[in-house]
Protein chains: 2
Amino acid sequence: MKKKQIAFEKLQDHYVARAEIIKALAHPTRLFIIDRLSEREHCVCELTDMIGADTSTVSKHLSVMKNAGIVSSDKRGLQVWYSLKVPCILNFFGCIEETIRQGAREHMDLAKSGKC
Amino acid sequence: MKKKQIAFEKLQDHYVARAEIIKALAHPTRLFIIDRLSEREHCVCELTDMIGADTSTVSKHLSVMKNAGIVSSDKRGLQVWYSLKVPCILNFFGCIEETIRQGAREHMDLAKSGKC
DNA sequence: TGGCTAATTGGTAATATAGCCAAGTAATGA
DNA sequence: TCATTACTTGGCTATATTACCAATTAGCCA
């Protein structure tokens, strides 16, 4: 078991790198932004209007995702246009949806069986 | 723009639900656990040995993932055996790896061009 | 140049997360 | 029944994240 622990330590860096990217996805507003960027690029002002938060808040969400390599930005005139750099992330959402549905189903089963 | 903001509010709950699941993935130790559970079920004691943290810490990581519907548990005798409930999550990791590689590549390009 | 708009950055307070230790629960078997 | 093992839960501190406001930067054009 000492051996296995060393195995974890060796892999640790890699899991940290993975977790960094996943953390950059783990916020409702950022998921909303990703969905919007999956359709077309948007400037910060458009996203800010849709979300209804402070510009600085939206800008910071975008910079978190940019640092993680999920989106890229392009300054054109006064505006900065963001686009989705890694569309394969969208495939993942299908799996998340499945997990949500599964959870809802089980919750209903529990309710039916009178356990909650 | 008011219209769009309302659209976000309506979807908000759904994005919160998605984010909950993704948050449950967003930790190096939990990613390690998912990889181990993708091979076979494990009891808490096995995972604790591999990870080298306190049992309570590992137990809490598992309960975060269980609440999110990612893993399921089965108590048999003294031990509790955990297994991966949503294997489709593994597909996602390919996309994360691609993002990591892409990031590394760009970093190298920057270094070559003398910009860092 | 000066004023305007779009976006980013710094500061700060509120909240959430992670880890360990200690205490509690549950199954087993002497 | 009592001790042991496996796990969970509560309590606590340290750290990270989020959101807003204020200040700053950058591009545009009169």
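A salt bridge here is a side-chain nitrogen of Lys or Arg within 4 Å of a carboxyl oxygen of Asp or Glu. By that rule, a search of the whole structure, which is a predicted model, finds 18 salt bridges over all chains.

**Stop one: a salt bridge between chains**

Select Glu106(B) and Lys85(A). Their side chains meet in a salt bridge, with 2.9 Å from N to O. The pair crosses from one chain to the other: Glu106(B) sits in helix α5 of chain B, while Lys85(A) lies in the loop between β3 (79–84) and α5 (89–112) of chain A.

Now select Glu106(A) and Lys85(B). These two residues also form a salt bridge, and their closest N and O atoms are 2.9 Å apart.

**Stop two: the interface of chain B and chain A**

Show both chains and colour them separately. How many salt bridges does the rule find across this interface? There are six. Eight residue pairs, both residues at pLDDT 80 or more, are in polar contact across the interface.

Next, select the side of chain B that touches chain A. The elements of chain B that give two or more residues to it are α1 (2–23), α2, α3 (44–51) and α5 (89–112). Which of them gives the largest share? It is α1(B), with 14 residues. Sorted by class, this side of chain B has 25 nonpolar, nine polar and nine charged residues.

For the interface as a whole, the contact takes 43 residues from chain B and 43 residues from chain A. About 4000 Å² is buried between the two chains, and carbon and sulfur atoms give 73% of that area.

**Stop three: two helices within chain B**

From α2(B), the contact is made by Thr29(B), Arg30(B), Ile33(B) and Ile34(B); from α4(B), by His61(B), Leu62(B), Val64(B) and Met65(B). By class, the contact of α2(B) with α4(B) has five nonpolar, two polar and one charged residues.

Definitions and conventions: Residues are numbered from 1 along each chain as its sequence is written. Chains are lettered from A and ligands numbered from 1 in the order in which they are written. This is a predicted model: local features need pLDDT of at least 70, side-chain atom pairs count only at pLDDT 80 or more; totals for chains, interfaces and linings use all residues. Side-chain values use heavy atoms; hydrogens and water are left out. Contact means heavy atoms within 4.5 Å. Helices (H or I, at least four residues) and strands (E, at least two) are DSSP runs, numbered from the N terminus. Ala, Val, Leu, Ile, Met, Phe, Trp, Tyr, Cys and Pro count as nonpolar, Asp, Glu, Lys and Arg as charged, and the others, Gly among them, as polar. Buried area is the accessible area (1.4 Å probe) that two parts lose on being put together, summed over both. A polar contact is a pair of N or O atoms within 3.5 Å; within protein, one must be able to donate a hydrogen and the other to accept it, and residues adjacent in sequence count only if both atoms are side-chain atoms.
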